[in-house]
Amino acid sequence: MTTLMFILGIVVFVIGLAFSIAWHELGHFSTAKLFGVRVPQFMVGFGPTLWSKKKGETEYGVKAIPLGGYIRMIGMIPPGEDGRIESRSTSPWRVMIEDARAASFEELQPGDEKRLFYTRKPWKRVIVMFAGPFMNLILAFVIFLGVMMTFGAQTQTTTVSKVSDCVIEASENRSKCRSGDEEAPAKAAGLKPGDKIVAFNGEPVDDWAALQSDIRSNPGKQVTVTVDRDGKELDLTATLVKNQVSKTDGNGGYVADKYVSAGWFGFTPASGIVPLSFGESVDRMGDMMENGVESLLSLPAKVPALWDATFGDGEREADSPMGVVGAARVGGEIFTMDIPATQQLASFLILLAGFNLSLFLFNMLPLLPLDGGHIAGALWESLRRNAAKVLRRPDPGPFDVAKLMPVAYVVAGIFVCFTLLVLIADLVNPVRIS
């Protein structure tokens, strides 16, 4: 049964992946059609075609390898300076450029002269190329929002999990009391595990971050803490002490190895799955976006550890880069976890949302052949054309993206090598969830 559920999880993830790819390409496709560009192909996947059907002027299909997708637009690269689509040379770099240029004009038909991608204004090309990643961002946002507002998110609550026995500075990294340690205010006040704090100094409170802020802003003061214990409300009086505590991130979490002096009560909050409000969900989404950007920027620094975990005896870190195979494996593990089906579904949806967020961020890198590279090219063209207009110089014409194809091949080669490394790591030393 466990094996069956694991396989089911992988299959469901592959379906979700295929939908995410098709959703991405739909953004490119719909905006290209809106601006009158002819699109002869809309494909999900790479490699041999498993199924295809032509409707109107576009062939829609599914290919064997579900690791991406594409739409093919006529005239993505302008003709050469001599106006020709193709001119041969003995230079290998020049061959790359002209091959890319020729591929851009494949299946050129009468009347296509007015439907070429490169002839559209730069702002329209920016919209077409941005629409794909933006669709992934929308999907990630909708899934995150739906899960957090419906199923909830792992959140620290105002319920007491553990009461400290004595006052210990956070930097000491110990849990046992020593002779002479002062008794913790929470223990002295009679706070017990299982108590739910419902008010602080008479003001209702149901959010851990707000309660934490109230406690920290009242060092040395006597306060009244109202708790719900077995259905009855009790008022406890305590004098908060000034203690060295971990610095917070403003959302109830902590910043590692950073400390401040603040009011301290002396208890550990319990964690639980709590539905979030719309505003809280948006804030959490913003945190995930920030973490995603930081992870992307730190990707090169993680390659040595990834190599060691793949070909050496290093451990695979929890935040190690993970590819499609690794994500599919995690999807399978989620379906085998001994948790309620609703939590399995929520965890799986969060995985899919995270994948879409990664697609957005990765594709926005200003490097060819990524969407961000085409956006950068269109913006550069707009800048130099407007500059020429202001300076009353001749129009420099469209920016020749084909001249960057050698660089694009190098970038693509690096991506392929990195993808292979991650693939092998996901097979021999995968990231596992607890």
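## Helices α3 and α9

Let's start with a crossing: α3 and α9 pass each other in a left-handed way (left-handed means that the near helix is turned anticlockwise from the far one by less than a right angle, and right-handed that it is turned clockwise). This is a predicted model, in which local features need pLDDT of at least 70 and side-chain atom pairs count only at pLDDT 80 or more, while totals for chains, interfaces and linings use all residues. Residues are numbered from 1 along each chain as its sequence is written, and side-chain values use heavy atoms, with hydrogens and water left out.

The axes of α3 (residues 122-150) and α9 (residues 341-363) come within 8 Å and cross at roughly 155°. The two helices are therefore roughly antiparallel (angles over 145 degrees count as roughly antiparallel, under 35 as roughly parallel, 65 to 115 as roughly perpendicular and the rest as oblique). By type, the contact has 17 nonpolar residues, 4 polar and no charged.

## Helices α1 and α8

Here the axes of α1 (residues 2-34) and α8 (residues 324-336) come within 7 Å, crossing at roughly 130°. That angle makes α1 oblique to α8, and their crossing is right-handed. Residues that meet include Met5, Phe6 and Phe13 in α1 and Val324, Arg329 and Glu333 in α8. This contact divides into 11 nonpolar, 5 polar and 2 charged residues.

## Nonpolar cores

A nonpolar core is a set of buried Ala, Val, Leu, Ile, Met, Phe, Trp, Tyr and Cys residues joined through side-chain atoms within 4.5 Å. Buried means under 20% relative accessible area, exposed over 50% and partly exposed in between, with a 1.4 Å probe and protein chains only. The largest core has 26 residues, of which Phe13, Met73 and Val128 touch the most other members. Elements giving two or more residues to this core are α1, β1 (41-55), α3, α8, α9 and α10 (371-390).

Leaving aside neighbours within four places in sequence, Val128 contacts His28, Thr31, Ala32, Phe35, Met73 and Phe117. Another core, of 19 residues, lies apart from the largest one and has Val160, Val205, Val223 and Leu236 among its members.

## Two loop residues with positive phi

Asn201 is not a glycine, yet its phi is positive, about 55°. You will find Asn201 in the loop between β4 (196-200) and β5 (203-204), partly exposed at 40% relative accessibility.

Asp230 also has a positive phi, near 55°. Asp230 sits in the loop between β6 (222-229) and β7 (232-239), and its 77% relative accessibility counts as exposed.

Conventions:
Axes are lines fitted to C-alpha atoms, for helices over the stretch in contact, and angles run from 0 to 180 degrees between N-to-C directions. Helices (H or I, at least four residues) and strands (E, at least two) are DSSP runs, numbered from the N terminus. Ala, Val, Leu, Ile, Met, Phe, Trp, Tyr, Cys and Pro count as nonpolar, Asp, Glu, Lys and Arg as charged, and the others, Gly among them, as polar. Contact means heavy atoms within 4.5 Å.
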